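The entries follow in the order I made them.

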Amino acid sequence: MKPPHPDTLARARLLTSPSVGPAVVHELERITGRPAGPAYAEEPDGPFVFVGDTLPEALRTARLLWFHSVNAGTDALLAAGPWPEEALLTRTVGRMDERIAQYTLAWVLAECQSVPEHTAQHARSEWRRLPSELAAGQTAVVHGTGRIGSAIAGLLRACSVRTVGVSRTLRAGPVGFDRTVRAGSREETSALADARWVVSALPLTGATERFFDASRFGAMRGATFVNVGRGATVDMAALETALHNGSVSRAVLDVLPDEPAAPGDRVWRLPRTVITSHSAGITAEEDVVADFEACWDAVTVGRTPPLAVDTRRGY
């Protein structure tokens, strides 16, 4: 996507949604050199830049030059309505890749050291030695070979875990992986069968909705499934079946198709499953400021920022 012309950007208003805190607004004003106004119920009378989590319908107009999302995921934003054709969309990533990679490694090591079982034994005042398991030499299959998937793979490789990346389009040299395979190939099916852990870092697009279906879960042989991508990439009925028949031994779900899950939702009763309430990669205020500033520096000299989203592809 092309950035707005610097001359047009120079006279654009800066608008922010109510979700953006005062400290961040102050920094946005410093970066742009103009005061920030609140979101409008009606379309402004001139070009504008918007920073927030959602875009009101009234602001989905040709006068929107650029929307910077305070979140990393933009699927809900794009699904809410047609995106203005010429408007630039950027997102906040910050250090999310590090946070999600550490989250994933923490659960891998916790499982190897029987942390859930030790915790349960402690609650019962029970003394019983439990075996540990080495992560080294085992295989993790990571779906999604972008920034987050690469960070996950890199941290797992530091513990001598073999890493296989799965991508819809194979590209040269994604960082962190021992090898990569194409989604839907026989190589992916074989990798799933060999996996000790299967990690999803997929965005939600038309191509990835219910990507993890009965056939993919059926190809696993007792792997632990970790989802740090998007909840709707998983067919939850297929996952439940796989947990019951043992093709998936455990599940760690940071995301769900419908959030938050109601207390009576059956996801809370899935066997050998932990749900962590979309907390693996919480965006900090400093992430929003740093990423917006980097995008601003690029846009003001006519360059498309690396954090720009291809609105046709959804990521």
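**Entry 1: largest pocket.** I looked up the lining of the largest pocket and found 45 residues, with Arg91, Ala201, Leu202, Pro203 and Tyr315 nearest the centre. A pocket here is worked out on a 1 Å grid over the protein atoms alone: it is an open set of points where a 1.4 Å probe fits, with protein on both sides within 12 Å along at least five of seven lines, and lining residues have an atom within 4 Å of a point. Two or more lining residues come from each of helix 4 (96–112), helix 6 (147–157) and strand 7 (162–167). Helix 6 gives the most, with three residues. I took helices (H or I, at least four residues) and strands (E, at least two) as DSSP runs, numbered from the N terminus.

The space in this pocket is about 1200 Å³. That volume is the space filled by probe spheres set on the grid points, which are joined across faces, edges and corners. I sorted the lining by class and got 21 nonpolar, 16 polar and eight charged residues. For this sorting, Ala, Val, Leu, Ile, Met, Phe, Trp, Tyr, Cys and Pro are nonpolar, Asp, Glu, Lys and Arg are charged, and the others, Gly among them, are polar.

**Entry 2: ground rules.** The model is predicted, and local features need pLDDT of at least 70, side-chain atom pairs count only at pLDDT 80 or more, while totals for chains, interfaces and linings use all residues. Residues are numbered from 1 along each chain as its sequence is written, and side-chain values use heavy atoms, with hydrogens and water left out.

**Entry 3: second largest pocket.** I noted a volume of about 570 Å³ for the second largest pocket. Its lining has 30 residues, and Asp53, Asn71, Gly73, Ala76 and Arg230 lie nearest its centre. By class I have 13 nonpolar, ten polar and seven charged residues.

**Entry 4: helix 4.** I checked the span of helix 4: its 17 residues reach 24 Å from first C-alpha to last, close to the 24 Å expected at 1.5 Å a residue. The expected span is 1.5 Å times one less than the number of residues. Which residues of helix 4 are buried? I listed Met96, Asp97, Ile100, Ala101, Tyr103, Thr104, Leu105, Val108, Ala110, Glu111 and Cys112. Buried means under 20% relative accessible area, exposed over 50%, and partly exposed in between (1.4 Å probe, protein chains only). The cover over these residues includes helix 5 (115–123), helix 6, strand 9 (197–200), strand 10 (223–227) and strand 11 (248–253).

**Entry 5: cores.** The largest nonpolar core has 46 residues, and Trp66, Ile152 and Val228 have the most contacts inside it. Such a core is a set of buried Ala, Val, Leu, Ile, Met, Phe, Trp, Tyr and Cys residues joined through side-chain atoms within 4.5 Å. Helix 4 gives the most to this core, with seven residues. Apart from it I found another core of 30 residues, among them Ala191, Val198, Ala219 and Ile275.

I then listed the contacts (heavy atoms within 4.5 Å) of Ile152. Beyond neighbours within four places in sequence, Ile152 is in contact with Ile100, Ala101, Thr104, Val142, Val199, Ala201 and Val228.

**Entry 6: Val49.** Val49 is in strand 3 and is buried, at 3% relative accessible area. Val49 lies 34 residues from Leu15 in sequence, yet their C-alpha atoms are 6.1 Å apart. With neighbours within four places in sequence left out, the contacts of Val49 are Leu9, Ala12, Arg13, Leu14, Leu15 and Trp66.

Entry 7: Ser114, in the loop between helix 4 and helix 5, has a positive phi near 55° though it is not glycine. Ser114 is buried, at 10% relative accessible area. Ser160, also not a glycine, has a positive phi of about 65°; it sits in the loop between helix 6 and strand 7. Is Ser160 buried or partly exposed? Ser160 counts as partly exposed, at 45% relative accessibility.

I also noted a cis peptide bond between Glu259 and Pro260, with omega about -10°. Pro260 is in the loop between strand 11 and strand 12 (273–275).
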